[in-house]
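This briefing concerns a two-chain model, with attention to the contact between the chains and to selected local features. Please read it alongside the sequence and the coordinates shown here.

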Amino acid sequence: MNGRSEQYRLVVVLLLLVVLQFALRPFLGDFRSSPDLLLLALLVYAIRARPGQAAVAGFLVGLVVDSLTPVAFGAGMLAHTVVGYLAAWGKAVFFAENLIVNAGFFFVGTWLRDLLVLVAGRHMVQSAMAWQLVFWSPIKALTTAIVGVVVLMLFRRWLPIRITE
Amino acid sequence: MTFAPDRFSSRRDSLAFIVCLLLSVAARVAPPAVQDTVSRAVSGTALAPFLAVQHQVELIKASRTRVTALSVLRDSALVSAFTAQALREENERLREILQLTARLPVRHVAAEVLHQSGPASGLMVVLSAGSSDGVVERAPVVVAGGLVGVVHSVTPRSSVALLWTHPDFRVSAMTLDGSAFGIVAPRRAEGPNVMMLELSGVPYQERVPIGTTIYTSGLGGARGVYPRGIPIGQIVAVGEEQEGWSRTYVVQPAVHPAAVSHVVVLIGPAIDLREAFTEPVP
């Protein structure tokens, strides 16, 4: 598999996740616990891109998120930029090509994104924020991680990644 | 696009990161008018096709629900026992909306709620109706049960509604007979799924009994934001008291935004809507 076809395939997977985020949204139930496929697309991209590219991608994803729910405009951009950068940097430093590690990576990325959005946004009363972080965000992080693992399994031949179980 | 997972970040990466961070902070502290402009521009251009897809899927889902409902009618009682509950709830909601739109004496437009998945999605939602449907900013958003929120920003094909859960949400409220007035605002969360409202500023000598339903007061007249008579919730407890001055009451909201799939946006003048929302006396 050459580099260019790998890039095209990665783009297809990312586009698929973005479209599914909107197309499946009505069927995914409660928004507080359903998987975040936009963030998943960012994380899938970030773990195989340079930190700078991942930061820019995170910024763009954040812009999209903030435009959809402009509760605290800019908080989403900040959070996704940091998560994208850290994901790419962290992957380069110590992540192994292992399904469970990747699942944990998706989980932590989602939870951290929620934490940063809530802290940077300061738009929730403290008790609601606490419930969001200790109850809903872990559930969302878990569902996102599960979908992330399924995506990696389904597209393991398409994504330039070596996964060991 | 470069695939370099084994490389540490370079100076260029750090620079890109810092620029993005600065842009994010600039967006965060930008004036609301600028934020709204950018948000509207992105929603109305790059995101428009995706929102259109989501809208179509919502419509397909609603159509499927109706088709399935017909099938259920035709199928055996056993099958309907398995599937009817969710359909019944969906149909009930749609029927309530239809009944409400028939009763409303003011111009209005129906819209689907396009729930998103971010952590702030419980505070604002995207609606499938926009300025081309007549939706304007600060238009009240309601369902048959009561008040959901208010339109925050509008694009030609969609709009964003600020829900009552948002900390900035305020509405002037009263009891049905107009004996007590106050301001309703979100209260602290009592649990992961329990958001309450509070009615504050009620004069100390005015006692509002537990169980009383609270409505929008319509202060501001026909030019105000909220018409009189939209249910907000029910008093469930007495909250804080300022001795001899005023009381705060805890209000169980009439509508839970997470469960709302279709809404009505009121676009006419803020006239009295008490008769549209209160049950006719037999």
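Buried area is the accessible area, taken with a 1.4 Å probe, that two parts lose on being put together, summed over both. In this predicted model, the area buried between chain A and chain B is about 5500 Å², and carbon and sulfur atoms give 69% of that area. On the side of chain A, the residues that lose the most area to chain B are A:Phe31, A:Arg50 and A:Phe73, which together give 14% of what that side buries.

**Confidence**

- The model as a whole scores ipTM 0.82 and pTM 0.68.
- Chain B has a mean pLDDT of 82, with 87% of its residues reaching 70 or more.

**Interface between chain A and chain B**

- The contact involves 68 residues of chain A and 60 residues of chain B.
- There is 1 salt bridge by the rule across this interface, and the side chains of A:Arg50 and B:Asp13 meet in a salt bridge with an N to O distance of 2.8 Å.
- Residue pairs in polar contact between the two chains, both at pLDDT 80 or more, number 9.
- The elements of chain A that give two or more residues to the side touching chain B are helix H1 (3–23), helix H3 (51–68), helix H4 (75–94), helix H5 (99–121) and helix H6 (126–154).
- The element that gives the most to this side of chain A is H3(A), with 11 residues.
- Sorted by class, the side of chain A that touches chain B has 42 nonpolar, 14 polar and 12 charged residues.

**Helix H2 of chain A**

- Helix H2, covering residues 37–46 of chain A, is mostly covered, since 10 of its 10 residues are buried.
- Among the buried residues of H2(A) are A:Leu37, A:Leu38, A:Val44, A:Tyr45 and A:Ala46.
- At the start of H2(A), a side-chain oxygen of A:Asp36 reaches to within 3.2 Å of the backbone nitrogen of A:Leu38.

**A:Leu16 in helix H1 of chain A**

- A:Leu16 has its place in helix H1 of chain A.
- A:Leu16 and A:Leu37 lie 21 residues apart along the chain, and their C-alpha atoms are separated by 9.5 Å.

Notes:
Residues numbered from 1 in each chain as written. Chains lettered and ligands numbered in written order. Heavy atoms only, no water. Contact = heavy atoms within 4.5 Å. Salt bridge = Lys/Arg side-chain N within 4 Å of Asp/Glu carboxyl O. Polar contact = N/O pair within 3.5 Å; in protein donor to acceptor, adjacent residues only side chain to side chain. Helix = DSSP H or I, 4+ residues; strand = E, 2+ residues; numbered from the N terminus. Nonpolar A, V, L, I, M, F, W, Y, C, P; charged D, E, K, R; others polar. pLDDT = per-residue confidence, 0-100. Buried < 20%, exposed > 50% of the residue type's maximum accessible area, 1.4 Å probe, protein only.
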